[in-house]
Amino acid sequence: MANQREKTYDQIGTVTFRKTRSNKYIRLSIRMDGRVLVSMPTRVAWRDAESFLRQKYDWVIEQKDKMARTMQEEERIPIALPPDEHLRQAQQLIFNRLDELSDQFGFEYRKATFRNQKTLWGSCSHDNKISLNINLVHLPPHLVDYVLLHELVHTKVKNHSSRFWQQLDKCIGSPSSGKKLKKELNNFRPGFRCA
């Protein structure tokens, strides 16, 4: 792929460097499977992206160590929220996944935050700020992806029209899959929804 390269580094493993038109600056994220992604605007040179990674090298090692510990400890905690440190690590994984999905499907958002919302799994404002419910850490990964993609699609389609569901289904990969996942999500916490 002309716009993608991979390189293996000591201690952090394989790093994927990806040029995308949707990126306005170099962004570093760690995927749920531990792989490192450096995404950048098409105008940025590969050597500049590698230099950026070298500056963040210690941070990447630290985050990968935390992720490994979290995965070993984590059997999803029912009802009660995890301790603060565990919660922060789980939230970081979700932020990383949001970055990964936005890069994969060409979405742009201004920023993402977590809130203890009473009725929403997630929401997207008119200026593309995404708010996520802290209780997402208790959901299965495929439903976390559904919520994240739901809000990312809202960066382009601000309503729940047929166009919205068609765009969401295109990202998920099959027709009507978005509404099926919506029904499945409703089983986890009655009254919660995506806006």
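**From terms to values**

Q: Which residues of α4 are buried?
A: The buried residues of α4 are Leu-143, Val-144, Asp-145, Tyr-146, Val-147, Leu-148, Leu-149, His-150, Glu-151, Leu-152 and Val-153, where buried means under 20% relative accessible area, exposed means over 50%, and partly exposed lies in between, with a 1.4 Å probe and protein chains only. The model is predicted, and local features need pLDDT of at least 70, side-chain atom pairs count only at pLDDT 80 or more, while totals for chains, interfaces and linings use all residues. Residues are numbered from 1 along each chain as its sequence is written, and side-chain values use heavy atoms, with hydrogens and water left out.

Q: Why is α4 described as largely enclosed by the rest of the structure?
A: Of the 13 residues of α4, 11 are buried, so the rest of the structure encloses this helix largely.

Q: How do you know that the span of α4 is close to the expected one?
A: Helix α4 (residues 141–153) has 13 residues, and it reaches 18 Å from its first C-alpha to its last. The expected span is 1.5 Å times one less than the number of residues, and for α4 this expectation is 18 Å, to which the model comes close.

Q: What makes β1 and β2 a pair of strands?
A: DSSP must find at least two bridges between two strands for them to pair; β1 and β2 are joined by 6 bridges and run antiparallel, and therefore they meet that definition. Glu-6 stands opposite Thr-16 in β2. The two strands form a hairpin with 3 residues between them, and in the turn Gln-11 has a positive phi of about 75°.

Q: Which strand is paired with β2 in the parallel sense?
A: Strand β4 (residues 36–40) pairs with β2 in the parallel sense over 5 bridges, and Leu-37 in β4 is the bridge partner of Thr-16. Of the 7 residues of β2, 5 are buried, and this strand is mostly covered.

Q: Why is Gln-11 called exposed, and why is Asn-128 called buried?
A: Gln-11 has a relative accessibility of 64%, so it counts as exposed, whereas Asn-128 stands at 17% and therefore counts as buried. Gln-11 is found in the loop between β1 (4–9) and β2 (13–19), and Asn-128 in the loop between β6 (120–124) and β7 (129–133). Phi of Asn-128 is near 65°, a positive value in a residue other than glycine.

Q: How do you know that the buried residues of α6 line one face of the helix?
A: Those buried residues of helix α6 (residues 177–186) are Ser-177, Gly-178, Leu-181 and Leu-185. Seen down the axis of α6, they fall within an arc of 100°, so they line one face, the arc being that of the directions from the helix axis to the C-beta atoms. Lys-180 and Lys-183 are exposed on the other side of α6.

Q: What makes the contact between Glu-6 and Arg-35 a salt bridge?
A: A salt bridge requires a side-chain nitrogen of Lys or Arg within 4 Å of a carboxyl oxygen of Asp or Glu; the side chains of Glu-6 and Arg-35 meet at 2.8 Å, N to O, and so the pair qualifies. Glu-6 lies in strand β1 and Arg-35 in the loop between β3 (27–30) and β4, so the pair ties together parts that are 29 residues apart in sequence. Arg-35, with a relative accessible area of 27%, is partly exposed.

Q: How many salt bridges does the structure hold?
A: The structure holds 9 salt bridges, among them one between Glu-100 and Arg-97, whose closest N and O atoms are 2.9 Å apart. Glu-100 is buried at 11% relative accessibility, and Arg-97 is buried at 16%.

Conventions: Helix = DSSP H or I, 4+ residues; strand = E, 2+ residues; numbered from the N terminus.
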